[in-house]
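Me: I have a structure open and would like to go through it. Can you take my questions as they come?

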Amino acid sequence: MAGGWTATAAIVAALLTLAACGRGDRQADKDAGEDVGARTDVAAPAFASPTLAAIKRRGRLNCGVHEGLVGFAFTDNRGQWRGFDADFCRALAAAVLGDADAVRFVPLVSSQRFEALRSGRVDVLWRSTSWTLSREAREGVRFAGINYYDGQGFLVRRSLDLASATELNGARICVQRGSTSELNVADWFRSRGLEYTPVVTANEEAARAAYGREDCDAFSADISALAAARTTLSNPEQHAVLPDVISKEPLGPAVKQGDDAWTSIVRWTLNAVILAEELGVTQDNVDQQAEDSRDPQVRRLLGVEGDFGAMMGLRRDWAKSAIEAGGNYGEIFARNVGGDSSLDLTRGLNAQWNATPGGLIYALPIR
């Protein structure tokens, strides 16, 4: 019995010695600066996107957009798609195909948008759509980023002489069925103990029309949409958006769940356009910047240093092509919804993080 215990003790001691050596080896690795969780001798998974492969085969990007929202997505008198969202579709087409015109715009009503993504009818949805938990959890989509920080408000006639939305107690409110706007209005009035009569319409266009016919006292939607609606009324100056903002509406591109590589491509194209503004790269100077800039950030962005495009299955100059398509974020904003447009919206929350005053627009680093 004593000999058995002696043998067992010897085995245990040997095992403890080996374990200590193993711990010592791992500690030595750490002391030498090696991250054992990110070893370079382990091959990274292939960055392959079925969506990107399909786009390249067909030779065009299918982009889901609003069926008609001034400033964001609408057709001009020549039948050409224009607007903030439309320009981001072109930037994405340029990034993945090298051709900003290689895009098919697919107008979608609100009730169609997520099914169009799930069914593969569109590759990306750039349609003034708010990023919410329930949409990611239940609709089978993923959001790739935020390109416009919005909030919900109320459009009213100046003749009502209202200073605040709290004065809308008992009012008739036009709102689109099945939208976050419908839910936000209900939450806002309920939380304040106020009464209202919802005038629910099939879509945003019908809500605008109902407000124009005076079927309701106020129209509630994203403030950007209200600014667009105001321009379509016969006497825009007789209408005003109240100062109250009743929700957060982070708008951005959505893609089908299950293709993480494609989600990344959309995300980084958006970030490239945002970063271009921060670094002073514009549609007009992008070629010069690619040739002359000594800033490492600019050189990486434009594909002069490193080959970040190859990591995503794209060309070296993917970001340069996206910027050439319609300019940087600031140029796209000003032309479509900002000071150079009929909407004349201020940058506000959509200013760059380092502007004065600063906003929430912040590009992820490309490196």
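Me: What kind of model is it, and how are residues numbered?

Reply: This is a predicted model, in which local features need pLDDT of at least 70, side-chain atom pairs count only at pLDDT 80 or more, and totals for chains, interfaces and linings use all residues. Residues are numbered from 1 along each chain as its sequence is written, and side-chain values use heavy atoms, with hydrogens and water left out.

Me: How many helices and strands are in the chain?

Reply: The chain has 14 helices and 14 strands. Both are DSSP runs numbered from the N terminus: helices are H or I with at least four residues, strands are E with at least two.

Me: And how much of the chain is buried?

Reply: Of its 367 residues, 46% count as buried. Buried means under 20% relative accessible area, exposed over 50%, and partly exposed in between, with a 1.4 Å probe and protein chains only.

Me: What is the strand order in the open sheet?

Reply: The order is β10-β9-β11-β8-β12, five strands with mixed pairing. Two strands pair if DSSP finds at least two bridges between them.

Me: Which strands stand at the edges?

Reply: β10 (196-201) and β12 (239-241) do; each has a single partner strand, so one side of each has no neighbour in the sheet. From one strand to the next, the twist averages 30°.

Me: How do β9 and β10 pair?

Reply: In the parallel sense, over six bridges, with β9 covering residues 171-176. Cys-174 stands opposite Val-199 in β10.

Me: What does helix α6 touch on the sheet?

Reply: Helix α6 (residues 180-191) packs against β8 (152-157), β9, β10 and β11 (218-222), and its direction makes about 85° with that of β8. Contact means heavy atoms within 4.5 Å; axes are lines fitted to C-alpha atoms, for helices over the stretch in contact, with angles from 0 to 180 degrees between N-to-C directions.

Me: New topic. Where is Glu-214?

Reply: Glu-214 is in the loop between α7 (204-212) and β11. Its phi is near 65°, a positive value in a residue other than glycine.

Me: Why does Glu-214 count as partly exposed?

Reply: Because its relative accessibility is 48%.

Me: Which residues does Glu-214 touch?

Reply: Arg-157 and Arg-172, leaving out residues up to four places away in sequence. The C-alpha atoms of Glu-214 and Arg-157 are separated by 9.5 Å, and the two residues are 57 apart along the chain.
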